2 protein chains.
Amino acid sequence: MDCIFCKIKAGEIPAQIVYRDDEIIAFRDINPKAPSHLLVIPNRHIETLADLKEEDTNMIGRLVLVANQIASEEGFSENGYRLVMNCREHGGQEVYHLHLHLLGGRQMMWPPG
Amino acid sequence: MDCIFCKIKAGEIPAQIVYRDDEIIAFRDINPKAPSHLLVIPNRHIETLADLKEEDTNMIGRLVLVANQIASEEGFSENGYRLVMNCREHGGQEVYHLHLHLLGGRQMMWPPG
């Protein structure tokens, strides 16, 4: 595998991992766009949102619930936060391993990029 | 209920509804920030992301899968798109009925607002 996120998952590239279970890991973005900027990813290598199948429904829901839990733990749930998922070129996807951005700790603006 | 999205769901306020099932509806944002800008919402009134419970996992996953399906139908899945969920003030949430933004048809920028 030449995927940077698979290498983070495997411990081959260092990252500040804040959550880990059998299905999902979360770690800090190395180029943060907010005081707290985390990435929540499935352990399984799925390239894009558009590659999801119906059997992934529960896993996708869990990505969001794990993000909510991290927002609480990081202390910015009450003030609020933004979740973003980018699909392919127009979405601005840079790493082709599905990931959810969790951004908190500042006022997010509109439009969202 | 004084919720504008509940009124859209009930047909009391007009909207361009593009998807409807027992659990979810999707309609066009009246203040679009991209050539295609849709909102995907649970029929049930849930105020914010932070109010989700574990039993909502499947519904949340389905919001994303419905967004993917709409992206295909609208013809911008291959070029790509962005999904955004805003929670409370710092997230920029304006309507306190949980919703997922689907934005496609143009290059999305970074940071995401």
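**Terms and their grounds**

Author: Both B:F76 and B:Y81 are buried, where buried means under 20% relative accessible area, exposed over 50% and partly exposed in between (1.4 Å probe, protein chains only). This is a predicted model in which local features need pLDDT of at least 70 and side-chain atom pairs count only at pLDDT 80 or more, while totals for chains, interfaces and linings use all residues. Residues are numbered from 1 along each chain as its sequence is written, chains are lettered from A and ligands numbered from 1 in the order in which they are written, and side-chain values use heavy atoms, without hydrogens and water.

Reader: How many aromatic pairs does a search of the whole structure find?

Author: Over all chains, the search finds four aromatic pairs. Rings of Phe, Tyr and Trp (its six-membered ring) pair if their centres lie within 6.5 Å; planes under 30 degrees apart count as stacked, over 60 as edge-to-face and the rest as tilted.

Reader: Why is the pair of A:F76 and A:Y81 called edge-to-face?

Author: The ring centres of A:F76 and A:Y81 are 5.9 Å apart and the planes stand at 65°, so the pair is edge-to-face. In chain B, the rings of B:F76 and B:Y81 also have centres 5.9 Å apart and planes at 65°, and that pair is therefore edge-to-face.

Reader: What makes A:F76 buried?

Author: A:F76 has a relative accessible area of 5%, and therefore counts as buried. A:Y81, at 0%, is buried as well.

Reader: Why is strand β5 of chain A described as largely enclosed by the rest of the structure?

Author: Five of the five residues of this strand (residues 100-104) are buried, so the description applies. Strands (E, at least two residues) and helices (H or I, at least four) are DSSP runs, numbered from the N terminus. On one side of β5(A), A:L100, A:L102 and A:G104 are buried, and on the other A:H101 and A:L103 are buried.

Reader: How do you know that strand β3 of chain A and β5(A) pair?

Author: Two strands pair if DSSP finds at least two bridges between them. Strand β3 (residues 36-42) of chain A and β5(A) have five bridges, in the antiparallel sense, and A:L38 stands opposite A:L102. β4(A) and β5(A) have four bridges, also antiparallel, with A:H101 as the bridge partner of A:V84.
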